[in-house]
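Thanks for coming, everyone. Let me put the structure up, and then we can walk through a few helix pairs and a pocket.

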Amino acid sequence: CKCIINLLSEDENHCIKNLNTGKPEFLHELFDLYLQGLDKKVFIVNGYLSRFTFNNIVSVALKKEKYDWTNQFIEEYGKSLNRNKRSSIIGYNKAKLHYTQKQYQEAMYLLLQTHFDEPLIHLDGRRMLLKMYFELGEYDALEALFDSFRVYLGRKKLLGYHKENYLNIIQYTKQILNIPKRDKEAIGKIKKQIQLEKVLTEKEWLLKMLEQ
């Protein structure tokens with residue numbers, strides 16, 4: 001069993017490394033690895049499934065648009081999560097499932113009702129809220145989120161490049177929100193800034209919102 005786990009871990013790291021360097025063809029291979037691991041029950045250790053593995057499996061399945069499969073996975077394997085983290089991890093991943101399907105009301109409800117004690121999950125939840133508020137035109141809620149988001153980032157000292165990334169997302173979303181209508185010069189200027197920004201995971205979404 002340990003040999004299988006080690007082999008899967010090596011293959012998983014290989015696939016993730018290639019995905020992170022812009023090779024989307026490895027997504028299918030990574031999903032197949034997770035299916036193999038679940039089938040052989042190698043991810044369950046001492047009766048529990050790691051929340052990191054759980055989150056990774058959901059993320060990969062959603063990228064492959066396996067929505068029904070993802071829902072079934074959350075329902076079935078959520079019971080194998082550590083009880084202390086179970087509620088927040090299930091809530092977070094269900095919100096991601098609804099968000100990916102553009103079921104924004106359901107996603108927002110879960111994100112606002114669930115307490116996330118892990119900073120990176122908390123930040124990702126706020127990222128989803130920011131995008132949904134913007135796309136739905138809920139600008140009062142968005143402005144309030146900008147403020148609370150900045151305060152949270154200011155309190156957390158060990159976020160590394162994540163802090164810069166999220167501050168950039170806030171900054172450019174706010175700039176797009178405040179562009180005068182049909183100001184082509186301002187639109188062009190912000191577009192260039194976004195394209196040149198080195199630490200910005202939401203470039204594609206921001207450029208899409210800018211075009212709209």
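First, a term: axes are lines fitted to C-alpha atoms, for helices over the stretch in contact, and angles run from 0 to 180 degrees between N-to-C directions. Helices (H or I, at least four residues) are DSSP runs, numbered from the N terminus. Now the ground rules. This is a predicted model, where local features need pLDDT of at least 70, side-chain atom pairs count only at pLDDT 80 or more, and totals for chains, interfaces and linings use all residues. Residues are numbered from 1 along each chain as its sequence is written, and side-chain values use heavy atoms, with hydrogens and water left out.

Start with H9 and H10. H10 covers residues 184-196, and it packs against H9 at an angle of about 165°, with the axes 11 Å apart. That makes the two helices, H9 and H10, roughly antiparallel, a label for angles over 145 degrees. H9 passes H10 in a left-handed crossing, meaning that the near helix is turned anticlockwise from the far one by less than a right angle. Who touches whom? H9 brings Tyr172, Gln175 and Ile176, and H10 brings Ile190, Gln193 and Ile194. Contact here means heavy atoms within 4.5 Å. By class, that is 4 nonpolar, 2 polar and no charged residues. Ala, Val, Leu, Ile, Met, Phe, Trp, Tyr, Cys and Pro count as nonpolar, Asp, Glu, Lys and Arg as charged, and the others, Gly among them, as polar.

Next, H3 and H4. H3 is residues 51-63, H4 is residues 67-77, and their axes come within 9 Å and cross at roughly 165°. H3 and H4 are therefore roughly antiparallel to each other. Their crossing is left-handed. On the H3 side, the contact includes Phe54 and Ile57; on the H4 side, it includes Trp69 and Phe73. The classes are 10 nonpolar, 1 polar and no charged.

H4 also meets H5, residues 83-100. Their axes come within 11 Å and cross at roughly 170°. So H4 is roughly antiparallel to H5. Tyr67, Thr70, Asn71, Ile74 and Glu75 in H4 meet Ile90, Asn93, Lys94, Leu97 and Thr100 in H5. This contact divides into 4 nonpolar, 4 polar and 2 charged residues.

Last, a pocket. On a 1 Å grid over the protein atoms alone, a pocket is an open set of points where a 1.4 Å probe fits, with protein on both sides within 12 Å along at least five of seven lines; lining residues have an atom within 4 Å of a point. In the second largest pocket, H11 gives the largest share of the lining, 3 residues.

Key. Parallel < 35°, antiparallel > 145°, perpendicular 65-115°, else oblique.
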